[in-house]
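This report describes the architecture of a single protein. Please keep the sequence and the structure in view while reading.

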Amino acid sequence: MGIFNYFKRWAKEPKLYEITKELCYFSRRYKKLITIPEGFKCDGASGVPNIGNGWKYHDWLYYKGTFDDSTRCSFHQANIILGDVLKDEGHRWRSKIWYLGTTLFARGAWKQKRTQEMLRDNRGL
């Protein structure tokens, strides 16, 4: 697949995924619990295959902006947790690559985490 096909595919309308069962992850690094409620809709990993559950927690933290105890989750913490989840699931190298990719290229998504579209899709969560 050529580089232009990659960008063309990436630019298409994102597919939404719905969480069908509540998910929980305890970050040993930050000593924080992250719970994704059933019914949360997210767009998954942008432009790459969805591997493991890291992208679900990452999307939730971008959307919510806080941990379960209502303390603020920063842009960098959300990216690090993505890597931590992938590493815990046995995707050691991917965890490093995805952390780097989100840190370099996802700042705009973080700033727009509360877009009208996301609020509409996740009303009541």
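Which residue takes a positive phi in the hairpin of strand 2 and strand 3? Lys31 does, with a phi near 55°, and the hairpin has 4 residues between the strands.

## Basis of the description

The model is predicted: local features need pLDDT of at least 70, side-chain atom pairs count only at pLDDT 80 or more, and totals for chains, interfaces and linings use all residues. Residues are numbered from 1 along each chain as its sequence is written, and side-chain values use heavy atoms, leaving out hydrogens and water.

## Overall architecture

The protein contains 6 helices and 4 strands, in the order α-β-β-β-β-α-α-α-α-α along the sequence. Helices (H or I, at least four residues) and strands (E, at least two) are DSSP runs, numbered from the N terminus.

Of the 125 residues, 38% are buried; buried means under 20% relative accessible area, exposed over 50%, and partly exposed in between (1.4 Å probe, protein chains only). The protein exposes about 8000 Å², of which carbon and sulfur atoms supply 55%; areas come from the Shrake-Rupley method with a 1.4 Å probe, and for residues only the protein chains shown count as cover.

## The strand pair

Strand 2 (residues 23-27) and strand 3 run antiparallel and are joined by 5 bridges; two strands pair if DSSP finds at least two bridges between them. Within this pair, Leu23 stands opposite Ile36 of strand 3.

Helix 2 (residues 54-64) is largely enclosed by the rest of the structure, because 10 of its 11 residues are buried. Among them are Trp55, Lys56, His58, Asp59 and Leu61. Gly65 follows helix 2 and has a positive phi, near 80°.

The largest nonpolar core has 19 residues, and those with the most contacts inside it are Ile34, Phe40, Leu61 and Ile81. Such a core is a set of buried Ala, Val, Leu, Ile, Met, Phe, Trp, Tyr and Cys residues joined through side-chain atoms within 4.5 Å. Strand 3 (32-36), helix 2 and helix 3 each supply at least two residues of this core, and the largest share, 6 residues, comes from helix 2.

## Arg72 in the following loop

Arg72 lies in the loop between helix 2 and helix 3 (75-88). Its relative accessible area is 61%, so Arg72 is exposed.

Not counting residues up to four places away in sequence, Arg72 touches Gly65, Thr66, Phe67 and Gln77; contact means heavy atoms within 4.5 Å. Arg72 and Leu61 are 11 residues apart in sequence and 9.6 Å apart in space, C-alpha to C-alpha.
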